[in-house]
Each structure stands twice: as structure tokens, then as C-alpha cells.
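Take a walk through this structure, starting at a single side chain and ending at the whole chain.

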Amino acid sequence: MKKGILLNLVAHYPVAELHAAQKDKLNDDSRIYCLGKDYKYTNANPFGRKAIKNYEMLRAKSVAEFLDKQLIEIPFIKNPEISTDDLQKIENAVMSSIASMTRLTSRFELDSRWLNVYLNWVETSKSIFKFFENEFADGLDEILVFNGRMLEDGAARTAATSANKNYTVYDFQKGGYYEYYNGSLHSVDAQCERALRFYLDDPKKAHKVADEFVNSKLEGKDTYERSYTKLQQKNKINVPLDRQKKIISIFPSSDDEYRFLGGDWGAPIVNQVDEILSLAANLDQSKYEIVVRMHPNMSNLSKPLLDSYKKLQTFFPHCHVIDPDDVSSTYTLIDISDIVLCFCSTVAVEANYFRKLVVNIGGSPYYNIPISNYFNNAVDAAKAIKANRLKLKSKRASAIWINFLWKYQMDNPYINIGIRRFSGGDEFKFKIDQPYLPRLLAAPWRAEIQLRVPGKKNLNFLKVILVSVKDVLLNSFSIKS
């Protein structure tokens, strides 16, 4: 079987290292690809800076040397013919890349600078798609890529799917190494199947893991991700509530993540604001109080999107919105709620573990596990709420998913399994060259990307910039970059 690796996002740590860690999957016929010099605009280089491109090429050559393969530079193909369906998938991957940088979820939100990035990236993706379409026709059987949902890897994965060929995606996700064969990292079928299998290996241990997880969350400790509730105040709810009514708490997820991951999650992607509006319109305000607890990382959403959530309480007197930065306690709110409603949040898993009635609207990563009462839209959810048709789900279902989230990771002979935080290269049993001078020359242009991201520049933003400067000066990697 003839395999290839696309060195996408190869300038970044730990992505280059993850590419190199695929060495045992290769054979004599395997090919190593990178975007050639004609590709001015890449995922790591939205504004087409030469210094970033030079650093990308040097990192790609270092990976190829480690893999002991000749590096194949992909030529740029202008105006290729692509089907409407494939083009739509490519454009979605491009918007996923933009959303990961800007927190903007629609082309209509982009200013002229980022609209140009979008258009340039579409051309990049179309060329990559066409190249791999030709490669698959010429005997390539499988392509390996990092992540799989961004513009470069998304184009290669789309080409593989279109040609009925194989692909593998891999990532450091939640502190562990993961890979999926002919499925995305976010595939509900693949993830839920693995979660169940992992639980059945040792159910008793899984329940201990789940207890440890929820206790850590309640105490504001880091789990597989940093705790978003550390700054919240226990027993604090900063909205007026009529406790004589049924309280429905709603926990939306960051729209930029939800919109572009939801396609693999077993049910239609929905507009969260529209669905909350619909729910409020279909529930009697004399019987229900609705509290929308915005996720702390939603504070960096675009102002129009953020305002659309805040306006919910102006339309309905029984709807209250808690801002992302508010100190109100997520877990106190869950405790006093009669019903907890989510879209894809892990809060649904935790609330079910706490024995609350839980509702999910649209798809979620745990959709195939009976954690929640699932509905495709808020109208159907409201009907079930009013008719008292919601069912309390099994606590074991939540334990299955929690155990998977916190403890699951795959073995790789080149990775030190068990290191759950980026620590400057200790995750890997090898080193890939990080040429100091080219990295230093690229640093101002990497900083330019962050400075041109829309939205407020807060203290956390300043911290990231300062850590990045330190990393460049010391040629180290204390954060994923």
C-alpha cells in the first residue's frame, strides 16, 4: 500500500513532531509532501510572509530527513475544476481555520483583510485537493495528515474521500495522542465506540476516574483541560431568579468550535442563539425561568455574536444571560436547575452524573451514548419539557464518556505517553531541528497574525505574546505554537 504524509502546519510545535512520529507506518514506497514555494498563503501564513514560508520549508526538510524520505514539493495548480460538493467541504475547512484564529464563524463577519485571507486560502485548498486527486489516480492509497479539519489537511482528506481512498488523522488532543483511520478526530461513531470499549476494559476503574474527574471540576482543578471555573464564586448566581418556577439552565458552547465540528456529531448543526430564542418563545414565562450561562472562553467572540446572546434577555423577561467573565458559579447553577440544556458541552455529561434532567439540541461528540434527552431543535425540546416527557439518564453513561475524556490515549513508539502538558519537547523520544535564526526572523510576522486578530487585546493576550517572545529567544516551546 502506497502511503503519503502531508506536512501541514509543519512550522508549528508539536505538529512537525507528530508528522515524524508516523515513521513506523511508512514503507519504501511512501511519499512525504509539503507545499512548494509557490504556495504563498498557508494555514500558518495567512498574510503570505516570506520569513514564515522559509521557516516552514526548513521544518519540513527536517521532518523528511528524520523519516529518511525525499521531500516532494506540491506545485501550485491554478483554477482547477472541482465539484460543487467538494468545493463546499473545502470552503468549510477554510472557515474552520479562520474561526480557530479569529473566533468569527461566518464570511459575512470578516473585514476586508480576513476576507482576502479566506479567498487566498480557498485557492490554496483547491490546488491541494486537485494535486491529491491526481496522486490518488496515480496509485496513492492513503494520506496521513495532522488534525484533518483545517484548510490544508481538509483539502487532502476531501480528495481521499472523493477518490474512495484511505486517510489517517492524528493529533495531541486533551493531552494524549490520538489517531483515526478513515474517520475524523471528532467522529461521533469512532469516539463513542472507543469510549465504550475503553469503559468495558475496566468498569470499576472507569467509575473511580469519573468520580475523580467531577470532584476536580467542582474544586476548580485542571483536568484534561484547564479549569474554566477557577475564578467563579461558589453559591454565587448574579441574576434574579424566581425559585417558584422551574429553572432551565442553558450552557452554549463557543460558536467557532461548535459550528465547524458539529458536522461529525450525529445530528444537524444548529444556530445556538436561534434555538435559545425558540425555546424561550415556546415556554410559558409564568412557569419557567431560563438562565443562559455563557462559557468563559466565549468572551473573545466577535462583538455582534456576543451581543446576540446578551439581547436574549431583552426579548423575554423570563430569560437571563450570565456573561462569560461573570463570577457566577456554573456548578451552583446546575445544582439549582430543574433541567440542564446544552448543545455539545461536557456540562451535559457532568449534569447527568449529578442526576439532573439533561437536554441536548443538535449533535454532540457523545451523541451515541444515552447521556441526554436528544432533540434536533428547540421546538421539540420545549414540547417534551412541557409534557414532562424528559427521562433521567443512566449515571453509567456519563462515566463512560468521562473516563474516555480524561484517560484515553493511544500508544505511539515515538511519543512518551502520559505527559499531558506541552513541556518543550519532552513528549517525544526524538528531536526535530528548530533552526534558530529563521525562527527568529519569522517571529515578528507570527506576532502580526495575533495582532491582526479581531477583538479585544486583554491581559491573557499580552501573556501569550510575552511567552511567545520568550520561546523564540530561548528557542523553546512552552506552549503549543
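**A serine under cover**

S254 is buried, with a relative accessible area of 2%. The cut-off for buried is under 20%, so S254 qualifies at 2%. Keep in mind that this is a predicted model.

Where does S254 lie? It sits in a loop, between strand β7 (246-251) and helix α8 (255-261).

Now look at its neighbours. Leaving aside residues up to four places away in sequence, S254 touches R103, N297, M298 and L301. Two of these partners also make polar contacts with the serine through their side chains. The side chains of S254 and R103 are joined by a polar contact of 2.4 Å. Another, of 3.3 Å, joins the side chains of S254 and N297.

**A nonpolar patch on the surface**

Next, move to the outside. Y436, L437, L440, L441, V469 and L473 form a nonpolar patch on the surface. Together these residues have about 540 Å² of accessible area. The elements giving two or more residues to the patch are α16 (436-451) and α17 (459-474). Which of the elements gives the most? Helix α16 does, with four residues.

Y436 is one of the patch residues, and it is found in helix α16. Is Y436 buried, partly exposed or exposed? Its relative accessible area is 36%, so Y436 is partly exposed. Partly exposed covers the range between the buried limit of 20% and the exposed limit of 50%.

**The chain as a whole**

How many helices and strands does the protein chain have? Its secondary structure comes to 17 helices and twelve strands. The radius of gyration is 23 Å, close to the 23 Å that the globule rule gives for 481 residues, so the chain is as compact as a globular protein of that length. Along its principal axes, the C-alpha trace spans about 70 × 50 × 45 Å.

What share of the chain is covered? The protein chain exposes about 20,800 Å².

Finally, consider how the chain meets itself. Take the contacts between residues at least 6 apart in sequence: 72% of them join residues at least 24 apart.

Definitions and conventions. Residues numbered from 1 in each chain as written. Predicted model: local features only at pLDDT ≥ 70, side-chain atom pairs only at ≥ 80, totals over all residues. Heavy atoms only, no water. Patch = residues over 30% accessible without salt bridge, like charges linked within 9 Å, V, L, I, M, F, W, Y side chains within 5 Å. Areas by Shrake-Rupley, 256 points an atom, 1.4 Å probe, with all protein chains shown as cover. Salt bridge = Lys/Arg side-chain N within 4 Å of Asp/Glu carboxyl O. Buried < 20%, exposed > 50% of the residue type's maximum accessible area, 1.4 Å probe, protein only. Rg over C-alpha atoms; globule rule 2.2 N^0.38 Å. Contact = heavy atoms within 4.5 Å. Polar contact = N/O pair within 3.5 Å; in protein donor to acceptor, adjacent residues only side chain to side chain.
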